[in-house]
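Subject: Structure handover

Hello,

The structure you asked about is placed just below. My notes on the helices, a sheet and the salt bridges follow.

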Amino acid sequence: MDAEQGQSGVRSVRRALDILSLLTEDQPTVPLRDMVEATALPKTTVVRLVQTLEQYGLLWATPGGYTAGPGLWRWAHLAHTSWELPADTQKLLRELAERRGETANLMIRRDIHRVCVAQQESPQPLRHVVRVGDELPLWAGASSKVLLIGATDGLLQRVAAASPHGVAHAEQLRLWADEAAEHGFAASHGERDVGLTAVAVPIRSQSGVVVASLSLSGPSARIPDATIEEFAQDLMEVAARIASQGFAHPLGPRT
């Protein structure tokens, strides 16, 4: 395969993924015309891609349009078994959220993003929710500061370059990460979402490497500065218990 064919293949994969990404909880069925409009591709190209996705069971034709196909179940099951946390860890997250009344999140770093791999929602009607699997930027937020502990200068520069602040933001990221390492926790107030406060601590491997962040987040009015250290202490105790259960990485081997 030459370079041109390779680029064409990658382009086709991206286009197919763009079509699949149009399916959401709010829009589980998408008409063909909407796919054409959303992707800005020729109708013949969209039809060809949709037919291929149908052949593999990834899309399913209905009178109202196309919906997720049964072929996705196999991949969904694989993802579920790979990412699911042990029951004891899930219990700790649930108890933490109930005890503090705020949403508990467990995140890992993927390149210049952080990915939510587990969550327990706050029991309160007004709460902060990030869905499992969501990718968020690393240039702001309490969890980001924790996940960037020990980061290389190159990584910080790439994270900063993707931020609204530009490459110069790398200096601030280094400062935040160093402070998180020194204090054992990090906090943020409306850095990415106005009115949101979060407190995060690292979860470390046996060798001391940060493999994840554990955080509590909610409306700033419910998490005043006076409670930050109290939240952090609770988080550190839970993080230590999670680490003692053998947590290394949600995608790693489990016993």
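Helices (H or I, at least four residues) and strands (E, at least two) are DSSP runs, numbered from the N terminus. Axes are lines fitted to C-alpha atoms, for helices over the stretch in contact, and angles run from 0 to 180 degrees between N-to-C directions; contact means heavy atoms within 4.5 Å. The model is predicted, so local features need pLDDT of at least 70 and side-chain atom pairs pLDDT 80 or more, while totals for chains, interfaces and linings use all residues. Residues are numbered from 1 along each chain as its sequence is written, and side-chain values use heavy atoms, without hydrogens and water.

Sheet. Helix 3 (residues 43–55) lies across strand 2 and strand 3, at about 110 degrees to strand 2. These strands belong to an open sheet of 3 strands, ordered 1-3-2 with antiparallel pairing (two strands pair if DSSP finds at least two bridges between them). Strand 1 (29–30) and strand 2 (59–62) are at the edges with a single partner strand each, so one side of each has no neighbour in the sheet. Strand 2 and strand 3 (residues 65–68) are joined by 4 bridges, and Leu 59 is opposite Ala 68.

Helix pair. Helix 5 (residues 87–100) packs against helix 9 (residues 228–244) at about 170 degrees, with the axes 10 Å apart. The two are therefore roughly antiparallel (over 145 degrees; under 35 is roughly parallel, 65 to 115 roughly perpendicular, the rest oblique). Residues in the contact include Leu 92 and Leu 96 of helix 5 and Phe 231 and Leu 235 of helix 9.

Salt bridges. The count is 10, taking a side-chain nitrogen of Lys or Arg within 4 Å of a carboxyl oxygen of Asp or Glu. One of them joins Glu 102 and Arg 222 at 2.8 Å, N to O. Glu 102 is in the loop between helix 5 and strand 4 (103–110) and Arg 222 in the loop between strand 9 (210–219) and helix 9, so the pair ties together parts 120 residues apart in sequence. Glu 102 is buried at 2% relative accessible area, whereas Arg 222 is partly exposed at 25% (buried is under 20%, exposed over 50%, partly exposed in between; 1.4 Å probe, protein chains only).

Asp 153 and Arg 174 form another salt bridge, also at 2.8 Å, N to O. Asp 153 lies in helix 7 (residues 153–161) and Arg 174 in helix 8 (residues 169–183), so this pair links parts 21 residues apart in sequence.

Regards
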